[in-house]
Amino acid sequence: MHSLKLRTMLSTTLRCIFCSSFSPPHKSLNPKKPFCSSSSSVQYPKQEARAQLQGACWSGLDNWRNNPLNHSRFWGPNGPQPPTVLEETNERIHLLSCLSLAEMGAVVLSAADPLKKSKLSHLAFTRWFEEGLPIGVSEPPLKPARPSKPELVSPKDIPSPKSLGMPLNAYMLHNLAHVELNAIDLAWDTVVRFSPYFTLLGDGFFIDFARVADDESRHFAWCLQRLTELGFSYGDMPAHNLLWRECDKTSGDVAARLAAIPLVQEARGLDAGPRLVKKLIGFGDHRTSNIVARIADEEVAHVAVGVYWFLSVCQKMGRAPSSTFKDLLREYDVELKGPFNYSARDEAGIPREWYDPQISTEEQKTNLSEVYDRLSCIISMEKQNSSLDRTGG
């Protein structure tokens with residue numbers, strides 16, 4: 001009963017908010033119109049809700065937003081660098097007919113080849129950055145295009161590295177590559193799927209997630225390069241489809257999408273990254289460990305973006321962020337898993353009471369303790385008054 005009531009309330013609230021500011025699709029928008037956005041003109045809303053949360057804003061968020069284009073998609077001897085030879089690709093041709101960021105995002109989602117998808121993602125963000133295309137409106141495919149391999153299976157059916165005959169470093173790197181490929185689609189789906197509401201959410205929402213997609217495409221390129229160096233390819237082992245399942249469940253609710261993807265799925269990367277780095281160092285593969293460490297470090301920005309826009313949406317809905325986050329996870333059956341990397345989550349700005357049941361329990365105990373204290377005080381006062389009444393009589 002509670003679940004149905006909550007779903008009705010949230011969907012009605014969001015529908016009222018979004019539909020009141022909905023603008024019809026602008027697929028024929030001229031990129032030279034005044035409403036076109038650029039990296040220097042994007043405006044971000046002020047957030048009163050954020051001021052109520054201690055440390056709820058990553059200190060590097062503004063710098064991340066103002067970063068120049070990052071073409072360092074090759075992992076050299078000393079870390080990431082631009083490719084020594086610029087490849088002449090046909091991917092750019094697929095984007096030339098697009099007149100908006102949302103249309104380019106739909107092209108990325110429709111690309112089945114993983115390397116092509118990665119390149120298209122970077123080219124799409126590059127084109128917006130250099131030309132200042134409008135956000136526009138487009139429609140995403142029902143599901144992102146995928147190659148025939150890897151085979152998608154249940155997580156419990158993924159074989160062990162020993163049974164696959166893969167070394168542990170290649171096995172772990174393949175898993176990470178699968179996560180990064182999904183992350184490209186997750187970010188672009190958020191841009192495209194919610195593009196009809198760009199007048200309400202503002203350009204900054206879509207530019208932030210397009211930049212996230214650009215980061216993820218770079219991460220995937222590093223993983224793919226290193227897999228090749230180890231003698232393997234993406235698709236050499238089965239993978240799961242849990243990441244897209246969470247995305248699909250939240251396709252009709254922007255608040256739920258923000259809660260499930262950046263604040264749960266991407267935050268798990270903050271938890272798992274350091275553990276993966278230690279395992280790779282123990283395995284003796286320092287080159288792969290350096291790649292994974294860099295990816296984990298850059299994921300902080302993606303979680304911080306999720307926090308920022310979740311607070312913004314909650315502010316528009318007039319709802320408390322903490323309770324809304326927990327309600328949405330219950331409503332959409334999104335599971336929170338530990339152990340948690342508290343320091344990385346704190347840096348990204350996720351308040352601990354949002355995700356740690358132990359802290360929530362302690363808060364409840366504290367609140368109950370305060371209630372008991374007040375009751376004890378009232379009872380004591382009543383006893384004193386009763387005593388005075390008897391003495392006076």
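Here is the tour, from the whole chain down to a single residue.

**Stop 1: the whole chain.** Keep in mind that you're looking at a predicted model. Show it as a cartoon, and you have 17 helices and two strands to look through. Of the chain's 393 residues, 49% count as buried. As for contacts with a separation of 6 or more, 82% of them are between residues 24 or more positions apart.

**Stop 2: a pair of helices.** Select residues 242–249, which are helix 11, and residues 254–283, which are helix 12. How do the two axes cross? They come within 8 Å and cross at roughly 155°. Because of that angle, helix 11 is roughly antiparallel to helix 12. The crossing is right-handed. Now show some side chains: Leu242, Leu243, Glu246 and Cys247 from helix 11 make the contact with Arg257, Ile261 and Gln265 from helix 12. Color them by class and you'll get four nonpolar, one polar and two charged residues.

Stop 3: Next, select Asn341, in the loop between helix 14 (321–331) and helix 15 (342–348). Is Asn341 buried or exposed? Its relative accessible area is 16%, so Asn341 is buried, as the cut-off for buried is under 20%. Leaving out residues up to four places away in sequence, Asn341 touches Leu270, Asp271 and Pro274.

Notes: Residues are numbered from 1 along each chain as its sequence is written. This is a predicted model: local features need pLDDT of at least 70, side-chain atom pairs count only at pLDDT 80 or more; totals for chains, interfaces and linings use all residues. Side-chain values use heavy atoms; hydrogens and water are left out. Helices (H or I, at least four residues) and strands (E, at least two) are DSSP runs, numbered from the N terminus. Buried means under 20% relative accessible area, exposed over 50%, partly exposed in between (1.4 Å probe, protein chains only). Contact means heavy atoms within 4.5 Å. Axes are lines fitted to C-alpha atoms, for helices over the stretch in contact, and angles run from 0 to 180 degrees between N-to-C directions. Angles under 35 degrees count as roughly parallel, over 145 as roughly antiparallel, 65 to 115 as roughly perpendicular and the rest as oblique. A crossing is left-handed if the near helix is turned anticlockwise from the far one by less than a right angle, and right-handed if clockwise. Ala, Val, Leu, Ile, Met, Phe, Trp, Tyr, Cys and Pro count as nonpolar, Asp, Glu, Lys and Arg as charged, and the others, Gly among them, as polar.
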